[in-house]
Amino acid sequence: MTYAELFYEIKGKFMGADVSDIHEHLAFQFNIEDKDAGGAFYVEVKEGKLYVEPYEYYDRDAMFICAPEVLLEIADGRLDPVAAFTEQKLRVEGNIEKALRLKEIIEMKREAVQGEKGVVQKAADKVVNTIVKTAVKKSEAKSRKQSKKSE
């Protein structure tokens with residue numbers, strides 16, 4: 001995996017998180033240690049909006065340093081950032097209090113995805129119900145026609 005592929009995959013995992021309830025400014029830099037996918041990018045919450053950009057962020061609150069696999073697991077919600085830190089899979093520099101807010105952003109994204117799945121499921125259920133109702137009506141009409149023919 002290249003840095004660009006990793007960045008866009010991670011960006012996709014973060015974007016969509018509803019951070020409108022976060023009223024403070026948060027800026028995190030991620031330094032990825034890897035021969036092929038190594039590099040830096042930042043995640044920023046500013047005025048209730050989330051930004052993920054492929055640049056270093058010098059006025060950051062915290063910096064996370066890890067391997068690409070660790071970051072992907074964290075972004076997917078399969079690895080708790082605190083557990084990753086405790087297991088020494090993730091190093092953190094800077095404001096630890098603000099660094100802990102990363103977990104909140106990840107949970108917000110997971111909630112947004114679950115909400116989207118719920119909306120999609122409701123829409124799919126509605127389509128299926130419409131199809132079933134249409135099929136039932138056609139079947140009933142066909143049965144009535146056949147009954148009239150047999151009379």
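In sorting residues by class, Ala, Val, Leu, Ile, Met, Phe, Trp, Tyr, Cys and Pro count as nonpolar, Asp, Glu, Lys and Arg as charged, and the others, Gly among them, as polar. This is a predicted model, in which local features need pLDDT of at least 70 and side-chain atom pairs count only at pLDDT 80 or more, while totals for chains, interfaces and linings use all residues. Residues are numbered from 1 along each chain as its sequence is written, and side-chain values use heavy atoms, with hydrogens and water left out.

**The whole chain**

Begin with a cartoon view, where the secondary structure comes to five helices and five strands, in the order α-β-β-β-β-α-α-β-α-α along the sequence. Helices (H or I, at least four residues) and strands (E, at least two) are DSSP runs, numbered from the N terminus. Of the 151 residues, 32% count as buried, where buried means under 20% relative accessible area, exposed over 50%, and partly exposed in between, with a 1.4 Å probe and protein chains only.

**The largest pocket**

Next, select Phe64, Pro81, Val82, Phe85, Leu90, Val92, Ile96, Ala99, Leu100 and Lys103, which line the largest pocket. On a 1 Å grid over the protein atoms alone, a pocket is an open set of points where a 1.4 Å probe fits, with protein on both sides within 12 Å along at least five of seven lines, and lining residues have an atom within 4 Å of a point. The space in this pocket is about 160 Å³, a volume being the space filled by probe spheres set on the points, which are joined across faces, edges and corners. By class, the lining has nine nonpolar, no polar and one charged residues. Colour helix H3 (81-86), strand E5 (90-94) and helix H4 (96-99), each of which supplies at least two lining residues; H3 gives the most, with three.

**The aromatic rings**

Now show the aromatic side chains, among which a search of the whole structure finds eight pairs. Rings of Phe, Tyr and Trp (its six-membered ring) pair if their centres lie within 6.5 Å, and planes under 30 degrees apart count as stacked, over 60 as edge-to-face and the rest as tilted. Select Phe7 and Tyr8, whose ring centres are 5.0 Å apart with planes at 75°, so the pair is edge-to-face. Phe7 is buried at 3% relative accessible area, whereas Tyr8, at 55%, counts as exposed.

Move on to Phe30 and Phe64, a stacked pair with 5.1 Å centre to centre and 20° between the planes. Phe30 lies in strand E1 (residues 26-32) and Phe64 in strand E4 (residues 62-66), so the pair ties together parts that are 34 residues apart in sequence. Both Phe30 and Phe64 are buried.
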